[in-house]
Amino acid sequence: MCIVFVEYRIDASYRLPYLEWSQRLRDDFPQVELYEGTDQPGLFVELWNGLSDKQYRFMRAVRTRKDEYAAEPGAWDGIDPERWASLGQWVPGGCAKIHIWQFQKVK
C-alpha cells in the first residue's frame, strides 16, 4: 500500500464543473482527500491512501494519458476511464500538467 499525490491547476473558468466532478470523485472514493492551495487558489492536491501498486498504475495511466503507464484492465472494476480523464479538459496544458506521485513508507 502507498500514498499517492495528484497535483494540478484548474482554469478559473472551469471551477464549477470541476467542483461538481471532484464531489462525485470524493463520493465514490472515500479514501481520497482534496485540498486547494490557500496561497494559490485553483491549485489542487488529491491525497489517496491505501492504493495498491496496480491501482496506482491504472490511475496514472488513465489520468495522464501517457503510454508508458499501461492501464491494467480490472485494476478498478466499475471505473469509467473517460470520466477520470475528463479532468484534463479543465487543466491548462491538459493531461500533461496533471502530476501524480506515489510514495511508500520508509522502513
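These questions and answers cover the cysteines and salt bridges of a predicted model.

Me: How many disulfides does the structure hold?
Reply: A disulfide would need a pair of cysteine sulfur atoms within 2.5 Å. The number of disulfides in the structure is 0.

Me: Is Cys2 buried or exposed?
Reply: The relative accessibility of Cys2 is 6%. Buried means under 20%, so Cys2 counts as buried.

Me: Is Cys95 buried or exposed?
Reply: Cys95 has a relative accessible area of 17%. The limit for this class is under 20%, so Cys95 is buried.

Me: How many salt bridges does the count come to?
Reply: The rule asks for a side-chain nitrogen of Lys or Arg within 4 Å of a carboxyl oxygen of Asp or Glu. One of the pairs is Asp53 with Arg57, and the count comes to 3.

Me: Which residue forms a salt bridge with Arg15?
Reply: The closest N and O atoms of the pair are 2.8 Å apart, and the cut-off is within 4 Å. The partner of Arg15 is Glu36.

Me: Why does the pair of Arg15 and Glu36 tie together separate parts, and how many residues apart are they in sequence?
Reply: Arg15 forms a salt bridge with Glu36. Arg15 lies in helix H1 (residues 15-28) and Glu36 lies in strand E2 (residues 32-36), so the pair ties together parts whose separation in sequence is 21 residues.

Me: What is the relative accessible area of Arg15, and what is that of Glu36?
Reply: Arg15 is partly exposed, at 33%. Glu36 is also partly exposed, and its relative accessible area is 30%.

Me: Which elements does the pair of Glu46 and Arg63 tie together?
Reply: Glu46 and Arg63 form a salt bridge, with their closest N and O atoms 2.7 Å apart. The two residues are 17 residues apart in sequence, and the parts tied together are strand E3 (residues 43-51) and helix H2 (residues 53-64).

Me: Are Glu46 and Arg63 buried or exposed?
Reply: Glu46 has a relative accessible area of 0%, and Arg63 has 1% relative accessibility. Buried means under 20%, so Glu46 and Arg63 are both buried.

Me: What separates Asp53 and Arg57 in helix H2?
Reply: Asp53 forms a salt bridge with Arg57, and the closest N and O atoms are 2.0 Å apart. The residues are 4 residues apart in helix H2, so the separation is about one helical turn.

Methods. Residues are numbered from 1 along each chain as its sequence is written. This is a predicted model: local features need pLDDT of at least 70, side-chain atom pairs count only at pLDDT 80 or more; totals for chains, interfaces and linings use all residues. Side-chain values use heavy atoms; hydrogens and water are left out. Buried means under 20% relative accessible area, exposed over 50%, partly exposed in between (1.4 Å probe, protein chains only).
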